Amino acid sequence: LGKEQEAWFDEQLKAGAERTWQIIGQQTVMASLQVGELVPNFDQWDGYPEARRRLLRQVRDAKATGAVVLTGDIHLAGASSLPDPDGTSPIAAELVGTSITSGAPKLPVDDANIKSLFPAIEYFNSGDHGYCISEITADEWTARYQVVSSVTTPTATVRTDATASIKAGQPGLAGITR
């Protein structure tokens, strides 16, 4: 982000901080997917660590306790708590939506063990495709990750793979059920 964009973002956060939810829509994964010094994708926020730190500090400093980052453009599904860049406590939740038809190869990482590599990631699915449905109330944000049995069959079945919950006024994810 440029200085003008960061200033605008800061102004918008502060103006909406007293609202229950602050929705940040953007296209690249904000959670760190860096392994040690290895940055697997410089086109995501990992390629711009200082900019990510500034943005997350803005969220923290605005006391935007209902910040939810909605992310796309990666062809996999995920959910995480974004930590304070100066500490470990969560300051926002991130919901990453997958693609319903365009594919990406299943990553050579066991989805169930992804948390050992990336502690902030609470839910990860690189093999299925579908969509995410969010139900938002004054008390809770519930995101259901729906996956389809086939991307080429019009009569494909749909199932809920995971449900993420975020509680109003409590930054980060409250939980994931599968």
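Trainee: How many aromatic pairs does a search of the whole structure find?

Mentor: It finds two aromatic pairs. Rings of Phe, Tyr and Trp (its six-membered ring) pair if their centres lie within 6.5 Å; planes under 30 degrees apart count as stacked, over 60 as edge-to-face and the rest as tilted. For Trp21 and Trp141 the ring centres are 5.5 Å apart and the planes stand at 80°, so this pair is edge-to-face.

Trainee: Before we go on, what kind of model is this?

Mentor: This is a predicted model, in which local features need pLDDT of at least 70 and side-chain atom pairs count only at pLDDT 80 or more, while totals for chains, interfaces and linings use all residues. Residues are numbered from 1 along each chain as its sequence is written, and side-chain values use heavy atoms, with hydrogens and water left out.

Trainee: Which parts does the pair of Trp21 and Trp141 tie together?

Mentor: Helices (H or I, at least four residues) and strands (E, at least two) are DSSP runs, numbered from the N terminus. Trp21 lies in the loop between helix 1 (3-16) and strand 1, and Trp141 in strand 7 (residues 140-148), so the pair ties together parts that are 120 residues apart in sequence.

Trainee: Is Trp21 buried or exposed?

Mentor: Buried means under 20% relative accessible area, exposed over 50%, and partly exposed in between (1.4 Å probe, protein chains only). Trp21 has a relative accessible area of 15%, so it is buried. Trp141 is buried too, at 2%.

Trainee: And what is the geometry of the pair formed by Tyr123 and Tyr145?

Mentor: That pair is tilted, with 4.7 Å centre to centre and 45° between the planes. Tyr123 lies in strand 5 (residues 121-125) and Tyr145 in strand 7, so the pair ties together parts that are 22 residues apart in sequence. Tyr123 is buried at 1% relative accessibility, and Tyr145 is buried at 2%.

Trainee: Let's turn to polar contacts. Which side chain does Gln26 join in a polar contact?

Mentor: A polar contact is a pair of N or O atoms within 3.5 Å; within protein, one must be able to donate a hydrogen and the other to accept it, and residues adjacent in sequence count only if both atoms are side-chain atoms. Gln26, in strand 1, has a side-chain polar contact of 2.7 Å with Trp45. Contact in general means heavy atoms within 4.5 Å. Leaving aside neighbours within four places in sequence, the contacts of Gln26 include Val69, Leu70 and Glu94.

Trainee: Where is Thr98, and what does its side chain reach?

Mentor: Thr98 is in the loop between strand 4 (90-96) and helix 3 (114-117). Its side chain reaches the backbone nitrogen of Leu76 at 3.5 Å. Thr98 is buried, at 17% relative accessibility. Beyond its neighbours within four places in sequence, Thr98 is in contact with residues including His75, Asp128 and Tyr131.

Trainee: How should I read the phi of His75?

Mentor: Most residues other than glycine have a negative phi. His75 is not a glycine, yet its phi is positive, about 65°. His75 sits in the loop between strand 2 and strand 3 (77-83) and is partly exposed, at 27%.

Trainee: What about Lys63?

Mentor: Lys63 also is not a glycine and has a positive phi, about 55°. Its place is the loop between helix 2 and strand 2 (67-71). With a relative accessible area of 62%, Lys63 is exposed.
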